[in-house]
Amino acid sequence: MSVSRLISLTINGEQVPRAVEPRVSLADFLRHDMLLTGTPVGCEMGVCGACLVLVDGRAVHACLTLAVQADGAKVETIEGLT
């Protein structure tokens with residue numbers, strides 16, 4: 001049984017503290033916890049690039065990045081670019 005971990009990150013300019021399971025991908029966290037559905041999950045292998053988000057200004061595959069890895073980071077999704 002895994003234990004939730006408290007993370008804090010800035011998503012599209014808004015500070016967000018949340019408890020997440022360590023195995024949850026950043027894509028699933030954005031889509032399910034934050035309701036930011038502009039980050040789709042395509043191939044889930046980092047090949048298609050559909051899930052790209054900016055983490056501290058770098059493009060990363062949200063399907064291959066764990067939400068806990070973004071702790072303390074600034075994340076921008078497509079919703080934040082509009």
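The following dialogue explains how to read several features of a predicted model.

Me: What kind of model is this, and how are residues numbered?

Reply: The model is predicted; local features need pLDDT of at least 70, side-chain atom pairs count only at pLDDT 80 or more, and totals for chains, interfaces and linings use all residues. Residues are numbered from 1 along each chain as its sequence is written, and side-chain values use heavy atoms, with hydrogens and water left out.

Me: Which residues of helix H1 are buried?

Reply: Helices (H or I, at least four residues) and strands (E, at least two) are DSSP runs, numbered from the N terminus. Buried means under 20% relative accessible area, exposed over 50%, and partly exposed in between, with a 1.4 Å probe and protein chains only. An α-helix has 3.6 residues a turn, so residues three or four places apart point the same way. In helix H1, residues 26-33, the buried residues are Leu26, Ala27, Phe29 and Leu30.

Me: What covers the buried residues of H1?

Reply: The cover includes strand S1 (5-11), strand S2 (14-20) and strand S3 (52-55). Within S1 lies Leu9, which counts as buried because its relative accessible area is 1%. Contact means heavy atoms within 4.5 Å. Beyond its neighbours within four places in sequence, Leu9 is in contact with several residues, including Phe29 and Val75.

Me: Where is Ser25, and what does its side chain reach?

Reply: Ser25 is in the loop between S2 and H1. A polar contact is a pair of N or O atoms within 3.5 Å; within protein, one must be able to donate a hydrogen and the other to accept it, and residues adjacent in sequence count only if both atoms are side-chain atoms. Here the side chain of Ser25 reaches the backbone nitrogen of Asp28 at 3.0 Å.

Me: Why does Thr39 count as buried?

Reply: Thr39 is buried because its relative accessible area is 2%. This residue lies in the loop between H1 and S3. Leaving aside neighbours within four places in sequence, its contacts include Leu30, Cys51 and Ala62.

Me: How many disulfides are there?

Reply: A disulfide is a pair of cysteine sulfur atoms within 2.5 Å. By this rule the count comes to zero. Cys51 is in no disulfide, and the nearest cysteine sulfur, that of Cys63, is 3.6 Å away.

Me: Why do Cys51 and Cys63 count as buried?

Reply: Cys51 counts as buried because its relative accessibility is 2%. Cys63 counts as buried because its relative accessibility is 16%.
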